[in-house]
There are 2 protein chains.
Amino acid sequence: MGKAKTGFGIRDSGFGKASAVAFSNPESPISNPGSVRILGIDPGSQRTGVGIVDVDAAGLTTHVFHTAVNLLDNDNFPLRLKQIFEELRDIVLAHRPDEVAIERVFMARNPDSALKLGQARGAAICAVVAHGLSVAEYSAKEIKQSVVGGGGAEKRQVQHMVSMLLNIERKLQADAADALAVALTHAHARASAQRLRVGVALATRTRGSASSWRSFR
Amino acid sequence: MGKAKTGFGIRDSGFGKASAVAFSNPESPISNPGSVRILGIDPGSQRTGVGIVDVDAAGLTTHVFHTAVNLLDNDNFPLRLKQIFEELRDIVLAHRPDEVAIERVFMARNPDSALKLGQARGAAICAVVAHGLSVAEYSAKEIKQSVVGGGGAEKRQVQHMVSMLLNIERKLQADAADALAVALTHAHARASAQRLRVGVALATRTRGSASSWRSFR
């Protein structure tokens, strides 16, 4: 499997597998000052999608990196978890994200697939919390709402909108697209929260000066 | 939560919670030469059981340590996974196990609990594979067969037999008992495998010398 040691240009794992190819935006090698780098993860026990976007103070997003970690070569399940943990750790070290977002899972198809997904999710979360990063969770509905504008959107629409929003011309691998979608959702959510905080700060300052004015009487 | 920094005597986390109390065998602070130290884990999203036993060349087992990591104080699920990861890492660093055993889960009650269990399991496995340790998996049936002698044994019987086999006088917390049980199962399995290997080696040597004897003719 390809390890994401560097984040420049289009990089192949060397094994010619489409799912193991990582794409980086050569114009965004490091986080710009004032912008926040967000790592989105779409965990899975067969493939784990990873996507990184930068969001600036104005709420504008830029594509930084995406890949889908292919786990199918490892028959041994603990080794798959190790692979998720190590590849995510390498991606974190190479790209230094500030925040992490992951899809919240409400229900899985069956207990067996839920257990497998849970283990992959646990490994992915460990890899990022081990670096002191906090993890925000978003439901599939919130992600679709944020990226496409409707909670009932199809997977293909999400892929299409992610490509549009991040100006990605190549066809996006589905798990990588989902990872970028959750990163975008977090970018949008934190931009809204920031606008709200600015509003609250302004309101508080207004009220504050009124109260100090009253204290002068 | 109490971190298992040291492994000597009976240690309390300082919060007076029974489930956060770790017990060490003061006579087995470090692995004896020739013996193998086995870490057993019973992962759970509310409590994760941890048990350590040493097994010597003759297949005799000694109790080293056990605890149940209480995760209920963390409402935030990613932080629970971080807690599992970090406490297990500390236990690995303090006790330096050679091998790890974990219960294989065949079916969970429902997708939601399977997902939670899976995440806890993923975090636990990551904590040990990150240290280069390999993980052996045993089914609940194999564990009961190994510890009690019957695959259909009750949980209470397992607890009782673990206490008997390891000479533990205090009442064992259920998850810690399960963790010790899977460690014992691995100890028994590797002792049997060793006897088998010795047998095979003897047989091979016999056949080998016969063949070399024949080659003299």
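At 19% relative accessibility, Arg190(B) counts as buried, where buried means under 20% relative accessible area, exposed over 50% and partly exposed in between (1.4 Å probe, protein chains only). Arg190(B) sits in helix H5 of chain B; helices (H or I, at least four residues) and strands (E, at least two) are DSSP runs, numbered from the N terminus. Leaving aside residues up to four places away in sequence, Arg190(B) touches Val36(B), Ile38(B), Val55(B) and Glu99(B), a contact being heavy atoms within 4.5 Å.

## Basis of the values

This is a predicted model, in which local features need pLDDT of at least 70 and side-chain atom pairs count only at pLDDT 80 or more, while totals for chains, interfaces and linings use all residues. Residues are numbered from 1 along each chain as its sequence is written, chains are lettered from A and ligands numbered from 1 in the order in which they are written, and side-chain values use heavy atoms, with hydrogens and water left out.

## Chain A as a whole

Chain A has five helices and seven strands. From the N terminus on, the order of these elements is β-β-β-β-β-α-β-α-β-α-α-α. Chain A has 217 residues, of which 49% count as buried. Among contacts in chain A with a separation of 6 or more, 63% are between residues 24 or more positions apart.

## Relation of the two chains

Two copies of a chain are related by a rotation about an axis and a shift along it. Here a rotation of 180 degrees with 0.0 Å of shift along its axis superposes chain A on chain B, with an RMSD of 0.0 Å. That is the relation of a two-fold axis. The superposition is by least squares on the C-alpha atoms of residues with pLDDT of at least 70 in both copies.

The copies meet through the same surface, because 100% of the interface residues of chain A are also interface residues in chain B.

In chain A, the axes of helix H1 (residues 77-95) and helix H2 (residues 111-129) come within 8 Å and cross at roughly 30 degrees. Axes are lines fitted to C-alpha atoms, for helices over the stretch in contact, and angles run from 0 to 180 degrees between N-to-C directions. The crossing of H1(A) and H2(A) is right-handed; a crossing is right-handed if the near helix is turned clockwise from the far one by less than a right angle, and left-handed if anticlockwise. On the H1(A) side the contact includes Phe77(A), Leu81(A), Ile84(A) and Arg89(A), and on the H2(A) side it includes Lys116(A), Gln119(A), Ala123(A) and Cys126(A). By class, this contact has twelve nonpolar, one polar and two charged residues. Ala, Val, Leu, Ile, Met, Phe, Trp, Tyr, Cys and Pro count as nonpolar, Asp, Glu, Lys and Arg as charged, and the others, Gly among them, as polar.

In chain B, H1(B) and helix H2 (residues 111-129) pack at an angle of about 30 degrees, with their axes 8 Å apart. H1(B) passes H2(B) in a right-handed crossing. Residues in the contact include Leu88(B) and Val92(B) of H1(B), along with Ala120(B) and Cys126(B) of H2(B). The class count for H1(B) with H2(B) is twelve nonpolar, one polar and two charged residues.

## Cysteines without a bond

A disulfide is a pair of cysteine sulfur atoms within 2.5 Å, and by this rule there are zero disulfides over all chains. The sulfur of Cys126(A) is too far for a bond, because the closest cysteine sulfur, in Cys126(B), is 5.2 Å away. Cys126(A) is buried, at 0% relative accessibility. Cys126(B) is likewise buried, with a relative accessible area of 0%.

## Loop residues

Most residues other than glycine have a negative phi. Arg96(B), which is not a glycine, has a positive phi near 50 degrees. Arg96(B) lies in the loop between helix H1 (77-95) and strand S6 (99-104) of chain B and counts as exposed at 56% relative accessibility. Asn167(B) also has a positive phi, of about 60 degrees, although it is not a glycine. The loop that holds Asn167(B) runs between helix H4 (155-166) and helix H5 (174-216) of chain B, and Asn167(B) is exposed, at 66% relative accessibility.

Gly132(A) is in the loop between H2 and strand S7 (135-139) of chain A. At 61% relative accessibility, Gly132(A) is exposed. The C-alpha atom of Gly132(A) is 9.7 Å from that of Asp98(A), 34 residues apart along the chain.
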